[in-house]
Each structure stands twice: as structure tokens, then as C-alpha cells.
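Visitor: I have a two-chain model to look at, and I would like to learn how to read the place where the chains meet. Could you take me through it one feature at a time?

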Amino acid sequence: MIHPFKLNGYNIILDVNSGSIHNVDDVAYDVISLYENTSKEEIAAIIQKKYPDVSEEDIADIFEDIETLKKENKLFSEDPFENMAIDFKKRQSVVKALCLHVAHDCNLRCAYCFAGEGEYKGERSLMSFEVGKRAFDFLIENSGTRKNLEVDFFGGEPLMNFQVVKQLVAYGREQEKIHNKNFRFTITTNGVLLNDEVMDFCNKEMSNVVLSMDGRPEVNDRLRKTRNGEGSYAVIVPRFLEMARRRGQKDYYMRGTYTHYNTDFSNDILHMADLGFKELSMEPVVASPSDPYALREEDLPTLLKEYEKLAVEMIRRRRNGNGFNFYHYSIDLMGGPCIVKRISGCGVGTEYMAVTPCGDLYPCHQFVGEPEFLLGNVFTGVTNQKVCDEFKLCNVYAHKECKDCFARLYCSGGCAANAYHTTGSVTGVYEMGCELHKKRIECAIMMKVAEACDANTFAE
Amino acid sequence: MKRIQTLETRNLVESAKKGGCGECQTSVANQ
């Protein structure tokens with residue numbers, strides 16, 4: 001299966017199963033696009049009519065190149081992976097990561113937050129050190145022989161429970177020596193409580209920090225308000241700039257959310273880049289269709305164009321020496337995830353779980369507060385194995401819609417939480433999310449082609 | 001310019017023969 005597409009002046013052929021990428025001229029693009037379903041004689045006739053200067057010998061050379069690439073499994077490669085997906089149902093997985101909800105409370109009132117006002121449909125509460133400690137023990141006990149474990153401090157706003165965060169990090173550092181583990185800590189914050197002490201602590205202990213901000217002042221302040229209804233931009237930007245500076249402009253992400261109110265979101269990303277931030281991310285809001293800020297089907301063409309516009313501008317800035325990174329365009333063609341990972345998906349409910357302040361376990365942070373997805377508790381372990389087994393099926397081959405999709409080995413079947421919230425099933429497909437992700441993948445690949453053209457680093 | 005230029009990529013069909021090590025992090029496209 002191949003995916004031919006044209007973007008920003010490049011003709012690109014993605015060989016879906018091998019991940020091979022080819023930059024081709026107009027003639028080769030047409031020949032390859034016709035190759036599977038048209039005879040060579042017909043292709044030659046079509047090409048010579050469309051391109052009178054192209055000789056029969058030229059076309060024969062292209063046919064020969066195609067056959068060589070086929071033999072090398074770089075073009076029209078078969079799908080040898082589907083049988084691997086079946087094994088995922090039987091496999092024993094270990095818990096690799098926990099999302100610790102250290103605070104079900106927040107000092108902002110962001111209109112679109114899936115956690116409500118931080119309390120996730122429940123009561124405001126903070127995680128105690130005892131519950132957090134038990135969560136660490138649960139992770140260690142259920143991690144098998146895996147050495148590298150991850151804990152994300154999340155909320156609500158985790159800095160509202162900073163003392164417990166510090167205690168838990170110290171506990172983790174103590175336990176990793178005893179159990180031969182290595183903890184990687186991360187934290188997501190809205191920035192309101194960032195001060196010197198917090199920054200120094202995060203820069204010492206956190207492998208990554210996610211700083212939440214939506215872009216331009218008027219965009220950020222429309223939905224990210226304080227308890228008093230004031231905008232948060234003026235409070236958080238100086239703190240985030242200082243945090244990024246102290247981290248050497250790496251190991252952090254500015255993380256924004258775009259909505260129906262800013263379908264021109266590339267301007268928000270560029271605004272953050274112009275402020276001096278180098279690591280950027282922006283995600284579409286997932287909301288009920290009745291929410292006024294929810295994305296609508298008619299927004300889609302605009303959103304797809306925005307991703308293209310962003311990619312073109314990022315290439316321009318890279319060439320001028322002032323580039324920045326956008327999370328979805330940071331794909332590594334040589335060292336990306338292996339095929340097992342690409343098929344098995346994100347690990348929701350099997351390798352990754354969320355822990356509430358009282359110790360309840362959920363498949364991920366976006367399922368917290370949904371009673372039917374309660375998996376158990378850190379004190380009793382997983383007691384709802386049926387739901388865990390359901391999540392083992394969240395792999396790319398569980399979705400019939402993914403069968404013929406070129407992006408399936410880049411998205412792994414999409415987000416189970418988004419699928420559940422839009423279709424009612426964790427193995428459903430959130431169609432708008434698919435369209436956006438496909439465009440992001442095309443843009444990311446196009447940027448790689450542009451880089452290869454600039455540096456002339458194609459395979460021999 | 002050659003009519004077909006191929007980028008250097010990790011060939012997933014070839015790497016599938018080696019299997020996965022299971023050591024990757026929970027999240028997919030973006031080490």
C-alpha cells in the first residue's frame with residue numbers, strides 16, 4: 001500500500017508498511033500512482049500523452065526503479081504485521097508509568113478542561129503522601145523486570161500540592177536504589193505557582209515539564225481564566241519564559257489547546273515561538289458538540305490549511321536559522337518507535353494508569369471520574385480485569401477503519417479516550433481526530449523531504 | 001535530479017523480523 005501526496009511543491013510517495021519515503025518528479029509520481037492497477041502498456045500511453053518529452057526508455061527506467069524498490073521492500077510492501085496484533089490480546093504487559101493526580105483542584109478555571117475545575121466530577125481533594133507512596137509501591141510491584149519507570153505529576157494543578165510532590169520524588173529516589181529501578185519524573189503545570197523554589201526543584205528532578213498556554217493574549221485569556229475571571233496570560237508568560245531559559249530551551253513543552261474560537265491556531269504557535277519558546281505543542285480541543293468552543297465539521301478545511309501553513313513557515317524559519325520544534329512534526333525516520341509499539345498503541349489501561357487523590361486507578365487521566373472505567377485502587381490492586389482486557393484490544397488492527405489508512409503506523413489507532421467520548425466505544429474512531437492527524441503526518445513527512453532536499457541526504 | 005529519491009528511513013518490514021524489546025515508553029509517531 002502506498003500513499004502518494006503533493007504538498008508545498010513536493011511529490012511524495014509514502015510506502016505505508018515499510019515506512020519508506022520517496023521524493024519523486026511529476027512523471028514518476030504519475031507512474032507509481034498508476035502502477036498497481038494499470039498495465040505497463042497503458043501507463044506508458046498515459047504518460048506519453050501527458051508528457052510528450054518523456055521517451056519510452058525513460059518510462060522503462062522508472063519501471064525498473066520501481067521493481068528494484070519493490071524487491072528491497074521499499075515500495076508496495078506487503079503488510080506482515082496483522083498477525084502480530086492478534087498476540088497483543090494474550091500478552092502479559094507490565095505497568096510502566098503512572099499519572100499521579102496529586103491535586104483534584106485548580107487555581108484556574110479553563111472553560112474547556114476535561115477535569116472540570118480540576119475536580120473531575122468529584123470533590124476537590126489533594127493526594128496524601130501515604131496514597132502517593134502506595135502508588136509508587138504499586139508501580140514497582142507491577143513493573144516486572146522493567147528498569148525505567150515513569151511518574152507524571154498531574155492534576156488539576158499539581159503545584160497546589162507541591163510539598164507532597166517533593167516528598168514523593170524523594171521517596172522514588174530512595175526506592176529506585178532498593179529495587180534497581182530508574183524513575184523519570186514529569187510535571188504539567190499552568191504556571192500560576194511557578195517560583196524560584198519550584199523551578200529549581202523541577203530543573204533538578206523533572207525530565208520534562210509541560211507548560212500550559214494557548215498562544216496569543218486574547219486567545220489564552222478568553223478560556224484560561226483565574227478564579228476571579230481575569231485572564232492568566234500576564235501572570236504565566238514571564239514565569240514560563242524564565243522556566244524555559246533555566247532549562248536551556250530543552251526538555252519542556254509549551255502545550256496549547258485550540259478551539260472553534262481560534263481556528264487560525266498557527267498564529268498562536270508562531271506567537272509562542274516569537275516570544276522565544278522553542279518546544280511547542282498545540283492540540284485540538286475535545287468537547288461536547290453543544291459547547292460553543294467545540295470544533296465543528298465545517299472548521300476542518302481551515303484547520304488542515306493551518307497545519308500546512310505552519311509547516312511551510314517552520315521550514316522558512318529553519319532555513320533562516322531561527323527554527324523551533326512542533327511536537328507533531330518531530331518524527332524520527334531512523335530511530336522512531338519499533339513496529340510492535342506502533343501497532344500496540346499508547347499503553348492506556350495496560351502499561352499506563354492514572355491514580356486519583358484517594359488512590360483509585362483508571363486507564364488514563366481522561367477516564368478519571370467515569371465509574372465504569374474504575375480499575376481498582378493502589379491499595380487493592382487491579383480488580384476490574386475485564387476493563388484492562390478491553391484495553392489490550394486498543395491496537396491499530398482493532399479498528400476496521402484503519403485497515404486502509406496510510407497513517408495507521410503513525411497513530412496506532414488513535415486515542416481511546418477521544419474515541420470513547422465521541423463514539424461511546426474505546427475501540428471507536430474519532431473521525432475528526434483522524435483527519436487532523438493524517439494532515440500532521442503528511443506535513444511532518446514533507447518537512448523531512450524538504451530537509452533531505454536542502455542537505456541532499458538521500459539514500460544511494 | 002533522479003526521478004525517484006529515497007530518504008534514509010528505518011524499514012519497518014525489516015525491523016519487524018527482529019521483534020520489539022518492549023522497553024519503549026508509554027505514549028505514538030513522535031523514540
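**Reading the interface**

Guide: Let us begin with the overall extent, keeping in mind that this is a predicted model. The area buried between chain A and chain B is about 3,900 Å², and carbon and sulfur atoms give 55% of it.

Visitor: How many residues of each chain are in contact?

Guide: On one side there are 61 residues of chain A, and they are in contact with 26 residues of chain B.

Visitor: How many salt bridges does the rule find across the interface, and which side chains meet in one?

Guide: The rule finds 2 salt bridges between chain A and chain B. In one of them the side chain of Asp25(A) meets that of Arg3(B), at 2.6 Å from N to O.

Visitor: Which elements supply the side of chain A that touches chain B?

Guide: Several elements supply at least two residues each, among them strand E3 (21-24), helix H1 (26-35) and helix H16 (431-455) of chain A. The most comes from H3(A), which gives 5 residues. Sorted by kind, the residues on this side of chain A divide into 30 nonpolar, 16 polar and 15 charged.

Visitor: How do E3(A) and the strand E1 of chain B run, parallel or antiparallel?

Guide: E3(A) and strand E1 (residues 4-6) of chain B run antiparallel, and 3 bridges join them. To find a pair of partners in the model, look at Val24(A), whose bridge partner in E1(B) is Ile4(B).

Note on methods. Residues numbered from 1 in each chain as written. Chains lettered and ligands numbered in written order. Predicted model: local features only at pLDDT ≥ 70, side-chain atom pairs only at ≥ 80, totals over all residues. Heavy atoms only, no water. Contact = heavy atoms within 4.5 Å. Buried area = accessible area lost by both parts, 1.4 Å probe. Salt bridge = Lys/Arg side-chain N within 4 Å of Asp/Glu carboxyl O. Helix = DSSP H or I, 4+ residues; strand = E, 2+ residues; numbered from the N terminus. Nonpolar A, V, L, I, M, F, W, Y, C, P; charged D, E, K, R; others polar. Pairing = 2+ DSSP bridges.
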